[in-house]
Amino acid sequence: METSEIRAVVREYILKEFLPGEDPEALTDDLQLVSGRILDSLATLRVVAFLEEKFGFEFEAHEVGVQNLDSIDLMVKFVEEKKR
Amino acid sequence: MQLLWQYLSASAKRRPDHKAIEDPGRGEIAYAALDALTDRIRDRLRALGVTPGDRVGLCLRKSIDSVAVIFGAQKCGAVHVPVDSTGPGERIAYIFRDCAVRVAVVERERAEELRALLPEQTALLVLDLSDADPSADLPIVRALDLAGAAPSTGASHPSNPDDLAYILYTSGSTGLPKGVMLTQRNACVFVDWCSDTFAPRDDDRFSSHAPFHFDLSVLDIYLPLKHGATLVLISEQVGKDPVGMAALIAERRLTCWYSAPSILSLLCQFGHLERRDYSSLRLILFAGEVFPVRYLRELMGLIPAPRYWNLYGPTETNVCTAYEIPKSFPEDRTDPFPIGQACAHYAARVVDTDGRNVPRGSEGELWIGGSGVMQGYWNLPERNADVFRVDEGGATWYRTGDVVIDPGDGEFIFRGRRDRMVKKRGYRIELGEIESGLIRHPSVREAAVIATTDADGGVRIRAFLGAGEEKLSIIKLKQFCAEHLLAYMIPDEFTVLPTLPKTSTDKTDYQALKAIP
């Protein structure tokens, strides 16, 4: 899957699940989602479950954190690393 | 009657070298050392002007230090007031001002902000909790040493059991939190009931999952320390992470677990419980909300050995009814389990709107009377007059606002609320408090909040905002909420409308809002 496709899938999921009604352009790729408290802890877990299922890999315990989940950019980068 | 701090001192005499508290990754402390440390904190607080009956505020993340400060405050006869240290500064400062704390013990990160928000006469004792080096002294020890505290000389205050022990602030419908006042006796009769019911052993290892401003922590802190057992702290970070939590329970060989059901549901769904050994667990307690039977069944399948208990009670009474979940129940059961019978130190009535007992099998409001009921809300006489009722026989009853039914066997079944309070992840939330927070947004003209239940039985908070022609960014709204509301109060969903629907009397039409998909 191309980077742009991964990005589109992740963006669509976050908009639909956690920001219904938001202008898609307001969700920038570097917006801090976890540290900016856009996503709470339960929402973060749902993102993890979604990424695992959608892209067919498993997070290790230490990988579930802001370093990989705080923005769309970080999520896309992490998915690509795991898929490599 | 033994007071709360005397539990610790008695255990320190009996088992001085036994581990009292473990803070995984950050340190541990034995009974004698903890008792001596709390003496030094008592002396330090006295030196800062604290006298019996004074309030001491705690804005600290969970740590050995925060437990020690709680006992240190009690040893000088003070009333401790724990708050959510991750909450908005203005909320914390409101609470500390409302009950006029003499000293606020705060972590370094919040010190500057709170100093600016608190009156000058409130003294601050600042702890640097950022240092996670387990080999270093505890932050409280460093703070005491920096202040040049002399070795302990004084004696602890021989409180009367009817003196206040602590004030727990809960969500208030007016937008301002209200302080529930609880005495030493209120807490001790509950802890004693736990002793009789759960028979703790001195080799037990208890979880401390709930934050200290949440009433579940009363059992967590005092029950193990009374019995000379070990308290294992679950940090806020690990407490939200089911994988880390599942690992900790297994690796630290916990024997007793207590949390809100939603935490246990999370462990079930995301904790990979099948991968580890949980044979040390002998007791799993939950309280604060309804446990969806689907996840309870799954959990009991994965961890079958322990006894499971559903505990019920508002902060005003702590646990007042309890129900032990049977070892097996029909596969197709979906009805939540009862909240159970009144605990031994309580009496319960189910009444109609005129305060008359309803016949068995009918719904009514649950009233609770007994030695565990709070003294009232801090500085809210009108609210107190409303929640307490004295019957013809002179007995005082606390009106819980919860609607229950006694099907005939005395095991109460919870049916809902009379008012607009909901429980989310065990925390109680007055929807009015969220509305008051939202209306402070400069572009929001009207705000209405409703709670719905999702497919898994969890609560979803939906906010409806009237903003005229203005277009509001959901992201910006969430950021605004993060600054003005506690994390669990932030709505899950926002709907922005030009104006909110109205009833014929021009009030917000909540029924119409509920119909909006």
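In chain B, helix H3 (residues 64-75) and helix H8 (residues 216-226) have axes that come within 12 Å and cross at roughly 75°. This is a predicted model, with local features needing pLDDT of at least 70, side-chain atom pairs counting only at pLDDT 80 or more, and totals for chains, interfaces and linings using all residues. Residues are numbered from 1 along each chain as its sequence is written, and side-chain values use heavy atoms, leaving out hydrogens and water.

**The helix pair**
- H3(B) and H8(B) are therefore roughly perpendicular to each other (65 to 115 degrees).
- Axes here are lines fitted to C-alpha atoms over the stretch in contact, with angles from 0 to 180 degrees between N-to-C directions; helices are DSSP runs (H or I, at least four residues).
- H3(B) brings Val67(B), Ile70(B), Phe71(B) and Gln74(B) to the contact, and H8(B) brings Ile221(B), Tyr222(B) and Leu225(B) (contact: heavy atoms within 4.5 Å).

**Asn68(A)**
- Asn68(A) sits in helix H3 (residues 66-69) of chain A.
- Asn68(A) counts as buried because its relative accessibility is 13% (buried: under 20% relative accessible area, 1.4 Å probe, protein chains only).
- Beyond four places in sequence, Asn68(A) touches Glu63(A), Leu74(A), Met75(A) and Phe78(A).

Note on methods
Chains are lettered from A and ligands numbered from 1 in the order in which they are written. Helices (H or I, at least four residues) and strands (E, at least two) are DSSP runs, numbered from the N terminus. Buried means under 20% relative accessible area, exposed over 50%, partly exposed in between (1.4 Å probe, protein chains only). Angles under 35 degrees count as roughly parallel, over 145 as roughly antiparallel, 65 to 115 as roughly perpendicular and the rest as oblique.
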